[in-house]
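Please have a look at it first.

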Amino acid sequence: MAKEPLTAVQAALAAEHAAIYGYGVVGARIGEARRGEAQQAYDAHRARRDSLRRTVRDLGGTPAAAAPAYALPFAVPDATAAVRLATVLEERVATVYADLVRSATADLRREAAGALRDAAVRAVGWRGGSVAFPGLAERADTA
């Protein structure tokens, strides 16, 4: 079931906060050859975060604040793990934007679809390959 737009926008904002934090870790561990790519992704997530803050306000809400720290899904001791983390960050962001696409209309849906596309493209760059439906993870049937 689709979420209300404000709830979905807040979820996207929270995902962007987490991605920005995660890219701080990626940037500290990534090799020199991919540092520029990590910086571009970091900057893109910061820009999306700022846009989402405005959208939350436009929808009558108060933008969720970033947490002081986030739990990483695994240890990131080296460049290989940093690439894996960057892939996971983009996949997670794509998932919340897919939810936003489902719940939004008009311009907000278009923006969410663009953000989903951008995250999917970055994930492909980090992963080295694509998936059939970015942002649409299989979900177990709990009924």
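## The largest pocket

The largest pocket has a lining of 13 residues, and those nearest its centre are A15, A18, A19, L89 and R92. A pocket here is an open set of points on a 1 Å grid over the protein atoms alone, where a 1.4 Å probe fits, with protein on both sides within 12 Å along at least five of seven lines; lining residues have an atom within 4 Å of a point. This is a predicted model: local features need pLDDT of at least 70, side-chain atom pairs count only at pLDDT 80 or more, and totals for chains, interfaces and linings use all residues. Residues are numbered from 1 along each chain as its sequence is written, and side-chain values use heavy atoms, with hydrogens and water left out.

The space in the largest pocket comes to about 160 Å³. Helix 1 and helix 3 are the elements that give two or more residues to its lining, and helix 1 gives the most, with five. By class, the lining has eleven nonpolar residues, one polar and one charged; Ala, Val, Leu, Ile, Met, Phe, Trp, Tyr, Cys and Pro count as nonpolar, Asp, Glu, Lys and Arg as charged, and the others, Gly among them, as polar.

## Helix 1 against helix 3

How do the axes of these two helices cross? The axes of helix 1 (residues 5–29) and helix 3 (residues 79–103) come within 9 Å and cross at roughly 170°. Helix 1 is therefore roughly antiparallel to helix 3, a label for angles over 145 degrees. Helices are DSSP runs (H or I, at least four residues) numbered from the N terminus. The contact of helix 1 with helix 3 includes 20 nonpolar, two polar and four charged residues.

## Two aromatic pairs

The structure holds two aromatic pairs, meaning rings of Phe, Tyr and Trp (its six-membered ring) with centres within 6.5 Å. In one, the ring centres of Y21 and Y70 are 5.4 Å apart with planes at 55°, so the pair is tilted (neither stacked, under 30 degrees, nor edge-to-face, over 60). Y21 sits in helix 1 and Y70 in the loop between helix 2 (35–58) and helix 3, so the pair ties together parts 49 residues apart in sequence. Y21 is partly exposed at 32% relative accessible area, and Y70 is partly exposed at 23%.

Y23 and W126 also form a tilted pair, at 6.4 Å centre to centre and 40° between the planes. This pair links Y23 in helix 1 with W126 in helix 4 (residues 106–127), 103 residues apart. Both Y23 and W126 are buried (under 20% relative accessible area; exposed is over 50%, partly exposed in between, with a 1.4 Å probe and protein chains only).

Definitions and conventions
Axes are lines fitted to C-alpha atoms, for helices over the stretch in contact, and angles run from 0 to 180 degrees between N-to-C directions. Angles under 35 degrees count as roughly parallel, over 145 as roughly antiparallel, 65 to 115 as roughly perpendicular and the rest as oblique. Grid points are joined across faces, edges and corners, and a volume is the space filled by probe spheres set on the points.
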